[in-house]
Amino acid sequence: MLKTCIVCGKEFETNRPNQVTCGKRCRRARMIERSRKYRQEHQKEKLICLSCGKEFKGNKGQKYCSRGCASKENIKNKKSVSESLCWTCIHAVPSPEQGTGCSWSRSVGKIPVEGSEYKEKITFPWDNNVRRKVVLKIITKCPKYQWDTKARRK
């Protein structure tokens, strides 16, 4: 079947009914032109990065200008186990000699102190080649909290 190339206008022979270009060069040129047209139709919006404050072009709903800014912001906002108040509380470790240890650190069921606020974090650590579900309680507010001057804080 004889067809005319939509890029260069040259006639070419083909057995494929969907073929519209004469060869690799014209196919590549058509692909580049279609990509350029698509980008113009789906032009990105001007946005402001929530991390560094720079103006950038991005998709609707995008918050950060780069992966670096997103990572920095995620690290800043990350709540990890080490951020629980218990890690710096003088009452966290039970000590009968000193009379310390809150009800939570002594309890088997790990029920937080009455009046405390916490967030739950679910993890799946490996234990003897078996993966198990562990629910961590990250204490954010505790009425019995007393800062331990010897506790190391990062």
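Start with a turn: in the hairpin of β3 and β4, G53 takes a positive phi near 85°, and 6 residues lie between the two strands. This is a predicted model, so keep that in mind as you read. The protein has 3 helices and 8 strands, and buried residues make up 23% of its 154 residues.

- Strand β3 covers residues 45-48 and strand β4 covers residues 55-58; the pair runs in the antiparallel sense over 4 bridges.
- Across that pairing, E45 stands opposite G58 in β4.
- Which side of the cut-off does C49 fall on, buried or exposed? C49 counts as buried because its relative accessibility is 3%, and buried means under 20%.

**Overall layout**

- Going from the N terminus, the elements run β-β-α-β-β-α-α-β-β-β-β.
- Take the contacts in the protein with a separation of 6 or more: residues 24 or more positions apart account for 26% of them.
- The protein exposes about 12900 Å², and carbon and sulfur atoms supply 51% of that area.

- How many disulfides does the structure hold? The count is 0.
- C49 is in no disulfide either: its nearest cysteine sulfur belongs to C52 and is 3.6 Å away.
- C26 is buried, with a relative accessible area of 10%.

- T21 is found in the loop between β2 (11-13) and α1 (24-41).
- Despite being in a loop, T21 counts as buried, at 6% relative accessibility.
- What does T21 touch, leaving out residues up to four places away in sequence? The list is C5, I6, V7, F12, C26, R27 and R30.
- One of those contacts is I6; T21 and I6 are 15 residues apart along the chain, and their C-alpha atoms are separated by 6.0 Å.

- A search of the whole structure finds 1 salt bridge.
- R36 forms a salt bridge with E33, and their closest N and O atoms are 3.3 Å apart.
- Where do the two partners sit relative to each other? R36 and E33 are 3 residues apart in helix α1, so about one helical turn separates them.
- R36 is partly exposed, with a relative accessible area of 39%.
- E33 counts as partly exposed too, at 45% relative accessibility.

- I122, F124 and V135 make a nonpolar surface patch of about 260 Å².
- F124, one of the patch residues, is found in the loop between β5 (117-123) and β6 (126-127).
- Is F124 buried or partly exposed? F124 is partly exposed, because its relative accessible area is 42%, which lies between the 20% and 50% cut-offs.

Technical notes: Residues numbered from 1 in each chain as written. Predicted model: local features only at pLDDT ≥ 70, side-chain atom pairs only at ≥ 80, totals over all residues. Heavy atoms only, no water. Pairing = 2+ DSSP bridges. Buried < 20%, exposed > 50% of the residue type's maximum accessible area, 1.4 Å probe, protein only. Contact = heavy atoms within 4.5 Å. Patch = residues over 30% accessible without salt bridge, like charges linked within 9 Å, V, L, I, M, F, W, Y side chains within 5 Å. Areas by Shrake-Rupley, 256 points an atom, 1.4 Å probe, with all protein chains shown as cover. Salt bridge = Lys/Arg side-chain N within 4 Å of Asp/Glu carboxyl O. Disulfide = S-S within 2.5 Å.
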